[in-house]
Amino acid sequence: MHWLEKWVIPPRCVITQEATLERDLSESQIGQLFTPVGVCPQCCEPSFGAKVCGACLAQPPAFDRTQVAYYFEAPLTQLVYDLKYHQQHANARLLADLLAEQLDVTEVQALIAIPIHPLRRKQRGFNQAWLIAKRLSKVLNIPLIEKVVERVAHTPSQTQLTAKARAQNLKKAFAVHPAHAQRLHGLQHVALVDDVMTTGATMHEVAKQLKQHSAIKVVEAWAVAKTE
Ligand SMILES: [Zn+2]
C-alpha cells in the first residue's frame, strides 16, 4: 500500500475490525489459514512426495499446474461469501493480494477469469473471479484477456453435486467466443483465475476449450482457495 493511502485510510481487518500493518486481514486471521502442502502440482490433491498423482498420470486434466493460496476454510469462507452475496468488492482486492503473495508467475503471459453465465452476472452485478483477476493483473503486471471465454450453459448451483455429476454438468458449459478469439493470438502460457477451486472440473473444461481453439500449450489453474 502507498504511504499516502495508508495515512488516509489505515488498513483494518475486515473480519475483526482491528488496525493492521499492511493487508485488510489481521495476522491472527491469516494464521488460521493453511496452504496446501504435499499435493500434486497438477491438480492440488494430496499426493505422496508431492509428485504428480496417479489420477493426473492416468487421466490428466486439461490444465497443467494448479496454484492456490490456501484451503477453503474460515475466515476465507466468509470473505468469499461476503464478496459474492453482500457486494463486499473490497474483498476481491484482499483475496487477490493473498493469492499474489504465493504465486510463481514465471512464463505466465496472460490471465483469464473463469466466466459466470450472463444471467448470473446480471443477478449478482459482477463476476467475482473477474474482480480478483483484475486486481491480480494490476499487482502482477500481467495482462487480463477479457471476453474470450463465455459460459454458455446456465448450470444450476454446483455445490450439492458429486464430482462426477459436476463434471457431467459442465460439459459444453464454456465456449471460446469466435469474435474475440484473436485476443489469444501469440499466447502459449496462460493462467485461469477463480475464487475457489473444488474438483477442478471447471478449470478443466475452460482449459480444454482454450487449448482446442488456440495455440496455448500450458494452462495454469489459479484460485485463492481450494476445498479439501
Ligand atoms: Zn494430480
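The expected span of a helix is taken here as 1.5 Å times one less than its number of residues; helices (H or I, at least four residues) and strands (E, at least two) are DSSP runs, numbered from the N terminus. The structure is a predicted model, in which local features need pLDDT of at least 70, side-chain atom pairs count only at pLDDT 80 or more, and totals for chains, interfaces and linings use all residues. Residues are numbered from 1 along each chain as its sequence is written.

Buried residues (20 or more other C-beta atoms within 10 Å of their own, against 12 or fewer for exposed and partly exposed in between, with C-beta atoms placed from the backbone) in helix 7 are Gln128, Ala129, Leu131, Ile132, Ala133, Arg135 and Leu136. Their cover includes helix 4 (76-85), helix 5 (90-100), strand 2 (110-113), strand 5 (189-197) and strand 6 (218-226). Just after helix 7, Asn141 takes a positive phi of about 60°.

Two helix pairs are described by axes, which are lines fitted to C-alpha atoms over the stretch in contact, with angles running from 0 to 180 degrees between N-to-C directions. Angles under 35 degrees count as roughly parallel, over 145 as roughly antiparallel, 65 to 115 as roughly perpendicular and the rest as oblique. The axes of helix 5 and helix 7 come within 8 Å and cross at roughly 55°, so this pair is oblique. Contacts (C-beta atoms, placed from the backbone, within 7 Å) join residues including Leu95, Ala96 and Leu99 in helix 5 to residues including Leu131, Ile132 and Leu136 in helix 7. Helix 8 (residues 163-170) and helix 9 (residues 201-212) pack at about 30°, with axes 9 Å apart, which makes helix 8 roughly parallel to helix 9. Here Arg166, Ala167 and Leu170 in helix 8 meet Ala201, Thr202 and Glu205 in helix 9.

Most residues other than glycine have a negative phi, and most peptide bonds are trans. Cys44, in the loop between helix 2 (27-30) and helix 3 (54-58), has a positive phi near 70° and counts as buried, with 21 C-beta neighbours inside 10 Å. Lys147, in the loop between helix 7 and strand 3 (149-151), has a positive phi near 65°, but is exposed, with 11 other C-beta atoms within 10 Å. The peptide bond from Ala74 to Pro75 is cis, with omega near 5°.

Methods: Contact = placed C-beta atoms within 7 Å.
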